[in-house]
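Please take a moment with the model shown here.

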Amino acid sequence: MGKVLMKGNEAIGEAAIRAGCLNYFAYPITPQTEVAEYLARRLPEVGGVFLQGESEVAVSYMLFGASACGARVFTSSSSPGVSLMSEGLSYMTAAQCPVVVVNIMRGGPGLGGILPSQADYFQATKGGGHGDYHLLVMAPASVQETVEMVMQAFSLAEKYRNPVMILGDGLIGQMMEPVEFPENYVVPPVNKDAWATSGMGTRKSSTRNLVKTLYLDPVELNNHNLLLKSKYDRMKREEVRFENYNTDTDYSALIVSYGTMSRVCLTAIDNLKADGLEVGMLRPQTLFPFPEKGVHAAAAKKSCKVVISVEMSMGQMVEDVERSVKGQRPVEWYGKCGGDVPTPEEIMDVVRTKLKQSS
Amino acid sequence: MGKTYKKPEALSDNYTHYCPGCTHGIIHRLVAEVIDELGIRDRTVGIAPVGCAVLAYNYFTFDFQEAAHGRAPAMATGIKRVRPDLMVFTYQGDGDLASIGMSEIIHAANRGEKFTTIFVNNAVYGMTGGQMAPTTMPDQRTTTSPYGRNVEEAGMPIRMAELLATLATPSYISRHTVIRPKYIIKAKRAIKQAFTYQLEGRCFSLVEIISTCPTNWGMTPSEALDWSEEKLLAYYKLGEYKTPE
């Protein structure tokens, strides 16, 4: 197909279709409404299902019902809308129903703002809803990476029978970048006869399927939780993804940053290098499971004096960074909320200041 | 002499957990009979609510999903949109449908989603121990209206059949009851009509069924039947409120 210049939100919609997901339920919310608008036009072209629900609450249950009867489904939303879906995601995870949810983060809390943020890290990685559950969370840093991650998300969601979240931000959603869709990338359909309520006749079975999350017996409920946990443990073993930048040098500081924030940090690192200061960066591509071992190893570098978590929040990922560093180095944080994306110059200042403070 | 009458295939052998005198038993049976008669068991998906009927899935022998409180119409929407060939019904109480789920039922009905809703209205929250419902009668005592429902503060009870019948989208909306045999026969006819409309791919269908809750009304089963005939039927009038024709 070649490279096409596409807006992030539209590329997300197209990626889902190419991955073989033709069912989309959603509600408009800035800054990701273009996903819905694009799919409202595109899905009828490919014989898919598009439905704008009455609220994100309703949408989360439309996804649940459709997924539970065996369909491949996805949605997109932004921070306040994801809050509304949190209960539904708790239910879907408990019921082991696959779904892909794209969160194009905006400023919060409350109504917040419509500019980019990374302030839903806790909500995404620690489970925004109730109970012991986790979403597999991926964090793209470019429109191209978003396209690739959306497609991988469907595969992972069905592999684990678990919701998968793509955590983007308003920049990813709104900006236009060159995109190349992998050729012939369709996630093969998975047989769900063992559990989906697809109709006994459809399965040619006399056994009915039940999708539920209620376990009144404490032993049963505990066993169910152990089963869910075993999936998260497997994710931690098999699905960690991250990228290192400039870590083959004797870097004095290690930046940990994800998404579009990491691109600003990249420029800062290049500029500092030109000034004679080596800084390394670890960019998590999965936020759950978090690259604990990678961060621990990168922080262990002899030359490294400080680890800085740079995120557009009031300090959320920094807690996981601290936990991973395990006291080897001081862990600092820099962040900005409101939607003003920090500039490379700001990051360069932060690095120099933190280094001075740590010596 | 052959068999005149038997347990529907769609009904399981499990003993139900419902209270003595609860009308859920009758309603479950009517739904199961209709499913058998229409021959749709192997493509039916039921959606259980949160409420006394949360365990409804234990009493039927076909695919079932369990919804979050009030959200069954949204789940039904999801299923019908991706699998229009499946026969889908929600089974909801008054808290589930008329309180927390008010938005979901109105929007599903308004979009004309082609599933069927069985709405069990017994003017109280049963499972959680007898709190006031949007359908509780004026001056009716419940655990959260111990002095009686005060309409100055809580408003008047909501008549869902009438409310949904005002929507312009074609649908089948009716209200029946199962408190006397003569009513049961009509209720079954309405339930069958509702499922038939779905079979034809016609429209959204809802049958509201005035029911009793002896336990939380503080009455014996037969007192509850009498009270509902006297008080509930006077306010919630039976009838066919809307047909798609």
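Strand E1 (residues 44-48) of chain B runs parallel to strand E2 (residues 63-66) of chain B, and four bridges join them. Strands here are DSSP runs of E with at least two residues, helices are runs of H or I with at least four, and both are numbered from the N terminus. Two strands count as paired if DSSP finds at least two bridges between them. Within this pairing, Ala48(B) stands opposite Glu66(B) in E2(B).

This is a predicted model, in which local features need pLDDT of at least 70 and side-chain atom pairs count only at pLDDT 80 or more, while totals for chains, interfaces and linings use all residues. Residues are numbered from 1 along each chain as its sequence is written, and chains are lettered from A and ligands numbered from 1 in the order in which they are written.

E2(B) also pairs across the chain boundary: two bridges join it to E9(A), and these strands run parallel. Leu210(A) stands opposite Phe64(B), and Val211(A) stands opposite Gln65(B). Are the faces of E2(B) buried or exposed? Both are covered, with Asp63(B) and Gln65(B) buried on one side and Phe64(B) and Glu66(B) buried on the other. Buried means that 20 or more other C-beta atoms, placed from the backbone, lie within 10 Å of the residue's own; with 12 or fewer it is exposed, and in between partly exposed.

Now to the wider interface. In all, 31 residues of chain A are in contact with 27 residues of chain B, contact meaning that C-beta atoms placed from the backbone lie within 7 Å. The elements of chain A that give two or more residues to this side include strand E2 (23-26), helix H4 (79-94) and strand E9 (210-211). H3(A) provides the largest share, eight residues.

Chain A itself is divided into domain 1 (4-238) and domain 2 (242-358), with bounds from an automatic or database domain assignment. Their centres, taken over C-alpha atoms, are 29 Å apart. Between them, 26 residues of domain 1 are in contact with 22 residues of domain 2. On the domain 1 side, H5(A) gives the largest share, four residues.

The table sets out the residue classes on two sides. Nonpolar covers Ala, Val, Leu, Ile, Met, Phe, Trp, Tyr, Cys and Pro; charged covers Asp, Glu, Lys and Arg; the others, Gly among them, are polar.

| Domain 1 of chain A, touching domain 2 of chain A | 17 residues | seven residues | two residues |

Methods:
Contact = placed C-beta atoms within 7 Å.
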